[in-house]
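Here are my notes from going through the model, as numbered points. Have a look at the structure first and then read on.

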Amino acid sequence: MLLIDRDDAAGATTWLESERELAAAAWAIVSDGALAELTVAESEVVDAAAEITESGTTELLSGIEQGSDPLGDAFVRLRSPKQRRPLGAVYTPPGIVEAMVGWVASREQPARIVDPGAGSGRFLLQAGRVFPDASLVAVELDPLAALLCRANLTAAELDDRSTVMVEDYREANLGSCDGVTAFVGNPPYVRHHQIESRWKRWLTSTAASRDLPVSALSGLHIHFFLATLLAAQPGDIGAFITSAEWLDVNYGKLLRGMLTDGLGGESVHVVAPEVLAFEDAATTASVTCFQIGSEARSVKMRRVANASDLADLSKGRRVSKQRLIQEKRWSPLLSPVPPPPEGFVELGELCRVHRGAVTGANATWITTANDPQLPARTLFPSVTKARELFDASDDVLSSLHSLRAVIDLPADLSELDEDDRALVKRFLRFAEHNGAHSSYVARHRNPWWSVGLRSAAPILATYMARRPPAFVRNLAGARHVNVAHGIYPRDPLSDDALDTLAASLRSSVSVAQGRTYAGGLTKFEPSEMERIPVPNPALLVEM
């Protein structure tokens, strides 16, 4: 086990100046307690530990006894978010921990608490105080974090009823329990491309065996929900905090399916995407409460403006499970959508929204506006970066001067005169040499060299950011690639009406109308943008 020294420690500020010292401090607490029998991986951490003073250990014990987590705080300081990301280690603020354990207490007096991905044991420490008779089970893959968890449980005098399992939660054998088990914690968030193929196969085959919809692109937190369903018994309960993107994205269909069939969804509480629930992670957050096998016909759902609003997890408006089953996206159900004001219609009634062209190889197909190596007729000044719309002066794109060009060749090269055709053929040899003809996109268009730009849209819109979209009047007639959507009127609209339409969109659209991903990015698919209420044509003229 490689322990990180202070030089690589992302700004540790306490007297614990390295992970070696942190491991030593934890072992000094654990060594005389009931959790002193370590795994091989933890023993390797202890073997690499530094010397520690007794006074330092006394300070740590005092902090733990007062209800804080100095060991976990030091771990977060010493190991940067980038270093913790492969295992999805994001530590939960105390207020949210208290709220989630409080929800469990409002429902049951469990005989056992299980925390998957326990980290330093914050949930178990709180649960141990609230439930004096419950056994405590931590499952944690990182041996240093597991050692910290042992130390916290020992210092809090909870070690005699605690178990720390240093293994993958999906493989953990939790055994049986005479009574209700409460699963509570913060399952690790790891994106699918960092998950081993064997675990993706486990996910798809296990879900399929239960007739649950599944995508191999699921993040690790979805794996943990499924593992919980497998380990739990009817009547067990749980509360997990995760990113909120599962409510809307395709891979989230597995969790949405479990909550309406088997996992027993009780409530979903989503923190507004512009609020950071975790101090060191730019991610969305939602708390999902469930009771295994519940036959309740509805789930409480709500959006909260601040993480502090999670203090009471009993709140929310009821949404029938039948409706949840029918909906592909759940975010719109968090708040009832009021009917549009009088004189307003959905944008889709006035305009079509089309995403920009996908080149398949931007380095090949995007060039300077006046590239002398290609015929001018094949160069189309285009918006190729979202920043070009965000930075547009007065929300108007009035010049092509600063834009790069997309190379869009005619499908039939015989349309070109002899000189232009010679330039294009030389370019195509260059493109093939760079593999542009073999990209996924190129292989699925005919012919492969024709990007197929749409005509210039009178309004261009960004569709993914940590803020509402920019709606920009395209007076310059720029084309666009897939960094933006184009808004095309179904029937002609005057310039004044288009100006008013763009201004209305800028003033009324919020991130709540899109789908928000774990990193806090909100995305608007064309169909979602088309559902935005806007003034009807007569009102546009009047305005």
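1. Start with Glu 525 and Lys 523, whose side chains form a salt bridge with the closest N and O atoms 3.1 Å apart. The term here means a side-chain nitrogen of Lys or Arg within 4 Å of a carboxyl oxygen of Asp or Glu. Glu 525 counts as buried at 15% relative accessibility, and Lys 523 is buried too, at 18%. For these labels, buried is under 20% relative accessible area, exposed is over 50% and partly exposed is in between (1.4 Å probe, protein chains only).

2. A word on the ground rules: this is a predicted model, so to speak of local features a pLDDT of at least 70 is needed, side-chain atom pairs count only at pLDDT 80 or more, and totals for chains, interfaces and linings use all residues. Residues are numbered from 1 along each chain as its sequence is written, and side-chain values use heavy atoms, with hydrogens and water left out.

3. How many salt bridges does the rule give? The count is 19. One of them joins Arg 122 to Asp 73, at 2.7 Å from N to O. This pair links distant parts of the chain, with Arg 122 in helix 7 (residues 122–130) and Asp 73 in helix 4 (residues 70–78), 49 residues apart. Helices (H or I, at least four residues) and strands (E, at least two) are DSSP runs, numbered from the N terminus. Arg 122 is buried at 16% relative accessibility, whereas Asp 73 is partly exposed at 33%.

4. Asp 395 and Arg 506 make another salt bridge, their closest N and O atoms being 3.4 Å apart. Again distant parts of the chain are linked: Asp 395 sits in the loop between helix 15 (387–390) and strand 14 (396–397), Arg 506 in helix 18 (residues 495–508), and 111 residues separate them. Asp 395 is partly exposed at 28% relative accessibility, and Arg 506 is partly exposed at 30%. Elsewhere, Glu 19, Arg 79 and Asp 142 are linked in a network of salt bridges.

5. On to the rings. The whole structure has eleven aromatic pairs. Trp 365 belongs to helix 14 (residues 362–365) and Phe 427 to helix 16 (residues 418–433), so the pair ties together parts 62 residues apart in sequence. The cut-offs: rings of Phe, Tyr and Trp (its six-membered ring) pair if their centres lie within 6.5 Å, with planes under 30 degrees apart stacked, over 60 edge-to-face and the rest tilted. Both Trp 365 and Phe 427 are buried.

6. Phe 427 also pairs with Phe 430: the centres are 6.1 Å apart and the planes at 40°, so this pair is tilted. The two lie in helix 16, three residues apart, about one turn of the helix. Is Phe 430 buried or partly exposed? Partly exposed, with a relative accessible area of 43%, while Phe 427 is at 8% and buried. Ring pairs link Trp 365, Phe 427, Phe 430, Trp 448 and Trp 449 into a cluster.

7. Trp 365 has a charge over its ring as well: the charged end of Arg 445 sits 5.5 Å from the ring centre. Arg 170 does likewise over Trp 199, at 3.9 Å from the centre. The test is NZ of Lys or CZ of Arg within 6 Å of the ring centre and within 35 degrees of the ring normal.

8. An open sheet of nine strands runs in the order 3-2-1-4-5-7-6-8-9 with mixed pairing. Strand 3 (162–165) and strand 9 (317–320) are at the edges with a single partner strand each, so one side of each has no neighbour in the sheet. Two strands pair if DSSP finds at least two bridges between them. Strand 5 (residues 237–242) and strand 7 (residues 285–291) run antiparallel, joined by six bridges, and Ile 237 has Gln 291 as its bridge partner in strand 7.

9. Ala 405 in strand 15 is the bridge partner of Thr 367, and Pro 381 stands opposite Ala 405.
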